[in-house]
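Here is a short walk through one structure. Keep the view open and follow along.

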Amino acid sequence: MPCAPTAPSSTPISGSPMIELLRGVLVAPFADMAGNLTFLTEVLFGGVAAGLMYSLVALGFVLIFKASGVFNFAQGVMVLFSALTLVGLMEKGVPVPLALGLTFLTMVALAFAIERIVLRPLVNQPQIILFMATIGLNFFLEGFGEMAWGANVKKLDIGIPDTSFIVRGVQVNRLELTAALTAAVLVGILAVFFQRTKIGRALRAVADDHEAALSIGIPLKTIWVVVWSVAGLVALVAGIMWGAKSGVQFSLSLIALKSLPVLILGGFTSVPGAIAGGLIIGVGEKLGEVYWGPLVGGAIENWFAYVLALAFLLVRPQGLFGERIIERV
Amino acid sequence: MIYRETGQFKSSYASDQAIFPIVQDRVLVLLGIAAAFVVPPLLANEYWLQAVLIPLLIYALAAIGLNLLTGYAGQVSLGTGGFMAVGAYSAFKFATSFPQLDIILVFLLSGLMAAAVGLVFGVPSLRIKGFYLAVATLAAQFFLVWLFNKVPWFVNYAASGTITAPPRSLLGVMVTGPEASAGARYVVALGLVAVFALVAKNLVRGRVGRSWMAIRDRDIAAEIIGVRPLRTKLLAFGISSFYCGVAGAEFVFLYLGSAETLAFDINLSFLVLFMVIIGGLGSVLGSFLGAGFIVLVPIFLTNVPHLIGLSLPVALQKQMELMVFGALIIFFLIVEPNGLARLWQITKEKLRLWPFPH
Amino acid sequence: MPRARTALIGLLALAVMLGPLASVVPAQQAQGIFVPLLVYRTGPFAPSGIPIANGFVDYFTLVNERDGGINGVKLVWEECETQYDTKQGVECYERLKARNPVLVNPYSTGITYQLIPKAAVDKVVVFSMGYGMTAAADGRWFPWVFSFPTTYWSQASAVIRYIGQQEGGLDKLKGKKIAHIYHNSPYGREANPTLEDLAKKYAFELTLLAVDSPGQEQKATWLQVRRLNPDWIFMSGWGVMNQVAVKEAASVGFRMDHLIGNWWSASDADVVPAGDGAKAYKGATFHAPGTNFKVFQDIVKHVYDKGKGAGKKEDMGAPLYNRGVANAMFSVEAIRTAMGKYGNKVLTGEQVRWGFENFNLTEQRLDQLGMKGFTRPIKVSCEDHEGNGPVLIQQWNGQKWQVVSEWVQPMRDVVRPKIEAAAIEEGKKLDYTQRDCQKEMSSGPAPAQKKR
């Protein structure tokens, strides 16, 4: 293994358990961090990469919530479904660019179907009913994806080797770097899309007020199809990045759970919030697990992310970048 | 003509405020409950009792708990699995540490423990609302599951890391443990859920329920007219967690027999939430109907191919089951977004008028 | 839409009335010894569950096709999908119980724990081969549960012995750093107490690293590995955790030949995503991988060539496929042992239990089955439901799994006392009493579970 930073040495100091505990929580981790800056950089970079991968998934949620007010429970399954379709097509011998195009078309077709079958009949229903409808969609896509493409784990090779190189003593992983850059580029494109294009403006109008947008002639149905297609595209990108890491299989749909803290921290309606939230959660999670985790036996990532997001929420109840909820009596 | 309501006049406030004001209703419900106590233990086979009816009753209890919190008080919570885990593990600790305690008392105590934990995790609800709160309650879910996984004291330092319901008897009949018959366990579960459903129904009809509904509908206006949000919301979390805790204890003691933390993971929280939404938010009957839907439909879908003589490979069958289940949920929501309870309400209204159209 | 609503109400009413009738319809009863197969061909663990199920079904089909059944009595089985979910497992078991099963293979820790208390009451053998409740290896407390040829604790000790062999002797382990990366669940933690005891005994530095379920994201764990720089890593993973772990190990540049997965972490599905990076990854097992045994030729001839194969012919030989074959073979031979005493007919659960408890698979018998060298001879007794079987280390060479070690004996002197202590604890929880094996041997089998 290339030269690795050394493990921290523990010097036992006798004292009361309380002082030991306080020392362990408040002092030792920071001393540990300071003592090995290269390793700290690696942890930070790992956190940034992981966080951006979470943001990729969170972006899909944000897009749909922003434009149609629906919390899309099926986003995780859409990540899985799009990755399955892509890999399924590639396994059948379809060349990669064509497979990508076909998968995108499939996601657009799916968006059409969802708008027609699920959204249109349920327009104006309360949020929780629409949420439940996406749960039904989740089950349906789960069964359908598995039926169409099989339940085996599939290798997804996008041509980026999962090897690392060393930059000034810090180990950097090529695949993670690619994923981080892709996420950043995607967010940039989406930001430009929302701010500069006509459709983007229409989307923002719909997100603001459905009825007002309707009254000025914005076609709600088209907007919804566009939004769900873009969310499908984002899901595809997320599926590719995560699938390259673990192979395309059922547990890809569980990533949505890991990106929920990102959502609540960044705010449900903000694209830059998804990125900022992702970075904070990713870095926080990794720092917590590596430096504080061993104190309590490890594997604290799952709830640590949520507790972190919760702490931020207590200060800003609508997320860092979310729309301020103006309550009326 | 089915409901001959002529001549049924109320002459006291109590009779006017009864849960079932129509005499036919009252008779039917009492007969139904009596039948539920008597018929299944005698007639149903073990499969129906063990795999269908007992989980249905337990899920119904958890769904009532979540309905109180989400349907009546408007606080969306995804921590149900965690609170059920608290109930289950505290019931295990109580039962093993105090073997002489009556099993019903153990269930109640574990419910109280879950209520205490629910109060703690309900504090953020004062500041956070809506879907944000739902995701915040996931912190409770993941933390509690992690805690029970990590701290071996909860499983009495067992190498296996699982909790097993110790054999206990009630009135001379074994109700937990491998020797307990499915019929006995069913009767206990039914008794508990009937009592708690009655309590819940009375809670929501009274001052507490009204304050919850006020907070749900317009919480700032409610605060202005004197409903204290802190107490109301915490009370909702506490009582809801009590119900979920008892349901969790029953889950291990009366249904599974032994469990590891995987049984209480996020999927359970989602499952109970589905039951509440499908059954109807804000309705005690809806909790039962939703639990029935979620338990029965997959079993129905699994058994239908056998019935019609079609033999599909198991994987395909399970996948089609998922697809049909998802499609059914969407179909139900489109036809009746307010849930199965509303369907029942409409049916009843029609039955009351039949054969007249209005 | 009132009409749709009325239609829906009608549909629901119909379903409610017809529902109870569903249980009245009798299931088709074929003649033969019935074995329910709890499988997971869908859901999160399908990549592992599919080959196991295929191995089972193929071997059972082989027995029926080639031999006409077990000593002439046909084997009847039915698959039931559990998705590795405990509740669905309970539902499957209860539904299939009506057909008088003689044994059940739960293939899930959660479902196994469910079924263990029921086994004695329902008189069904629980055969949790190499998984489940390790404490049940003490047959004096759990007469209806069998886990031969080996258990998790024995596996951990055998892996340490293998590492010792690789280092030039168990005494050379002193000061070495061994990490155990495990799935944060009771299954993953199984090996920990044994490893801790062995760490004290052989003075190696043990680091325990838990990975949260499902293990899709393991960056933090592998950063810690990078910092720790262990000499060897033992992994108790399951599902996606395996695939991600192998990939992460390759990407941080850890020596793959010093990464040993347990027998649920080293199959074809686990090395697929990592591609070339997974080369040299090792795994523990208790049966050989590959199709280089006569029995597989028989399966091709009698099963696949007749079009009755459960999966694809090319998938034969994968470690988990062979796991299914091994499990099926043990089951069949145990039933045959029981037939030796009770006659060639459809047996009861109690009789099959006797067969399991007096199971004695010899080298000759393995040869007759066409499995010479596939697994080792094993003998089960009243006290020992584990059989103390040896462990094999296999390695992925980029194309397939190859055996790279001799049969490694577990450290019975360390493991057995722990099993006995754990059995007392678990048995007391269920209010069991310890059987007296000597008395039973002289007075004849009395496997009824005595309660206090």
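Chain C contains 16 helices and 14 strands. The model is a predicted one. Along the principal axes, the C-alpha atoms of chain C fill a box of roughly 75 × 65 × 50 Å. A compact globule of 452 residues would have a radius of gyration near 22 Å, so the 23 Å of chain C agrees with that expectation. Of these 452 residues, 61% are buried. Now take the contacts in chain C with a separation of 6 or more. Residues 24 or more positions apart account for 70% of them.

Next, the domains. Domain 1 of chain C covers 33-150, 290-379 and 420-443, while domain 2 covers 152-285 and 390-410. Their centres, taken over C-alpha atoms, are separated by 27 Å. The contact between them takes 14 residues from domain 1 and 22 residues from domain 2. On the domain 1 side, helix H2 (46-67) and helix H12 (319-342) each supply at least two residues. H2(C) gives the largest share, 3 residues. By class, this side of domain 1 has 7 nonpolar, 6 polar and 1 charged residues.

Now turn to chain A. Here 38 residues of chain A are in contact with 39 residues of chain C. Several elements of chain A each supply at least two residues to its side, among them helix H2 (37-68), strand E2 (170-173) and helix H9 (220-246). H2(A) gives the most, with 5 residues. The side of chain A that touches chain C has 15 nonpolar, 13 polar and 10 charged residues.

Technical notes:
Residues numbered from 1 in each chain as written. Chains lettered and ligands numbered in written order. Predicted model: local features only at pLDDT ≥ 70, side-chain atom pairs only at ≥ 80, totals over all residues. Contact = placed C-beta atoms within 7 Å. Helix = DSSP H or I, 4+ residues; strand = E, 2+ residues; numbered from the N terminus. Nonpolar A, V, L, I, M, F, W, Y, C, P; charged D, E, K, R; others polar. Rg over C-alpha atoms; globule rule 2.2 N^0.38 Å. Buried ≥ 20, exposed ≤ 12 C-beta atoms within 10 Å, placed from the backbone. Domains from an automatic or database assignment.
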